[in-house]
Each structure stands twice: as C-alpha cells, then as structure tokens.
Amino acid sequence: MDEKRLLRKKMIDLRDAMVPETRRHMDRLLCQSLRELILERRPKIVHTYLPMPMEIDFLPVIHQMLEEHIRVVVPKTLRGGQLEHLILETPDQLEDGIFGTRHPMAGVPYEGPYDLIIVPGLAFDFHGNRLGYGGGYYDRFLPAHPEAYKTALCYSFQLMNNLPVEPHDIPLDSVLFVSSFESSNI
C-alpha cells in the first residue's frame, strides 16, 4: 500500500472510532468556527459538500446559510471523477448518489463563481494541503475557481505537519480544526 492509501485508511479508522458524544461536541465547536468564518467573509454563493454520516456534521450551518438567503451549491458526484453542481433549496429533499454521497433530488444546475468553497478531506496539513478520498474530484474542481476562498473542517487528529503533495494539488486558504476542548483556524 502506498503512503496516501495507508494515511486514508488510518484517518477513516480514527474518525469512525470516535465516541459519539465527543464527535457531537467537536462538531458543534466546528459549526461555531465555520459560522464565524461565514460572518467574517460574508459570502453570497457557497459551494459545499453535504456531509456523509461519519463526516463532521455541519448541516446546521448549511440550514443557517439557506435561511440567510446565501446561495448554497452542492456537488452531485458523477462517475469518471466529475462533479455536477446543483443549487440546494432545502436539505430535506435529497437522494443518494455514488460513494455514499447525497444531492438535491431536483437540483437546478449552477455554473458560475463562488465566494466560498467548503472542501471535504481526510487529512490536512499546516500549509493548507489536503488528502481527499482519492477520486481526484476536487483536484479537478478547485483550479477552475482561483477567486474563491477555500476552507475545510477537521478534527485535530486529521491535522498533520506535512502531507505528500503533488503538482496539481491546490492548497486551501484555511483549515478549521478542533481538539476535544476548543476550535481553531490555520
């Protein structure tokens, strides 16, 4: 197994082994940090993934953005490493996609600029680099949006000093992370 594959497996195992009460506490802290970032940056159009069951639950922030009339666009994962971008009207009418993802049932496609992109990942480093799930979806998506502020959420064990980086990797502008006691931002 290569280094990235081993690291992905380790991060998934650590994440999946979290005590549910600790996970909920950390998720609340991360929601507060993300909320502060949104209030500071004042985005009008946000691209975000919808968290899968074992990922950080920041759906409360997505609900708040919708209530505040921030346009929320979410990806529909397609085969072949491509994403279709759909406007999210409500997180209550979703259907299952590939790889355990979800997307709007009747989402209207969106092709335009973003002010903020919330990026998924399994590990991050102090330079803004990320290790995704290995499909290359965001490696293809992020370069098309250099103007957007790119951020991610993670637990402290997902934060490394350095990750293996390839020439096509796009560093994030910030990574919001949390230990069991407090949240922070790099």
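Buried means under 20% relative accessible area, exposed means over 50%, and partly exposed lies in between, with a 1.4 Å probe and protein chains only. The model is predicted, so local features need pLDDT of at least 70 and side-chain atom pairs count only at pLDDT 80 or more, while totals for chains, interfaces and linings use all residues. Residues are numbered from 1 along each chain as its sequence is written, and side-chain values use heavy atoms, with hydrogens and water left out.

**View 1. Strand 12 (residues 174-178) is covered on both faces.** Helices (H or I, at least four residues) and strands (E, at least two) are DSSP runs, numbered from the N terminus. Ser-174, Leu-176 and Val-178 lie on one side of strand 12, Val-175 and Phe-177 lie on the other, and all are buried. Because 5 of the 5 residues are buried, strand 12 is largely enclosed by the rest of the structure. In a regular strand the side chains alternate between the two faces of the sheet. Strand 10 (residues 149-155) pairs with strand 12 in the parallel sense over 5 bridges; two strands pair if DSSP finds at least two bridges between them. Opposite Ala-152 stands Val-175 of strand 12.

**View 2. Strand 1 (residues 45-48) has buried residues pointing both ways.** Ile-45 and His-47 point one way, Val-46 and Thr-48 the other way, and all are buried. Strand 1 runs parallel to strand 2 (residues 71-77), joined to it by 3 bridges. Within strand 2, Arg-71 is the bridge partner of Ile-45. Strand 1 also pairs with strand 7 (residues 116-118), in the parallel sense over 3 bridges. There, Thr-48 stands opposite Ile-118.

**View 3. Strand 1, helix 3 (residues 59-67) and strand 2 make a right-handed β-α-β unit.** A crossover is right-handed if, with the strands pointing away from the viewer, the path from the first strand over the helix to the second runs clockwise.

**View 4. Helix 2 (residues 20-41) packs its axis within 9 Å of that of helix 3.** The two axes cross at roughly 30°; axes are lines fitted to C-alpha atoms, for helices over the stretch in contact, and angles run from 0 to 180 degrees between N-to-C directions. Helix 2 and helix 3 are therefore roughly parallel to each other (under 35 degrees is roughly parallel, over 145 roughly antiparallel, 65 to 115 roughly perpendicular and the rest oblique). The contact, meaning heavy atoms within 4.5 Å, is made by Cys-31, Leu-34, Arg-35 and Ile-38 of helix 2 and by Pro-60, Val-61, Gln-64 and Met-65 of helix 3.

**View 5. Arg-35 and Glu-36 both belong to helix 2.** Arg-35 counts as buried at 15% relative accessibility, whereas Glu-36 is exposed, with a relative accessible area of 53%. Leaving aside neighbours within four places in sequence, Arg-35 is in contact with Gln-64 and Glu-68. Between the C-alpha atoms of Glu-36 and Ser-156, which are 120 residues apart along the chain, the separation is 19 Å.

**View 6. An open sheet of 3 strands has the order 9-8-11 and mixed pairing.** Strand 9 (130-131) and strand 11 (159-160) are the edge strands, each pairing on one side only. The bridge partner of Ala-123 in strand 9 is Leu-131.
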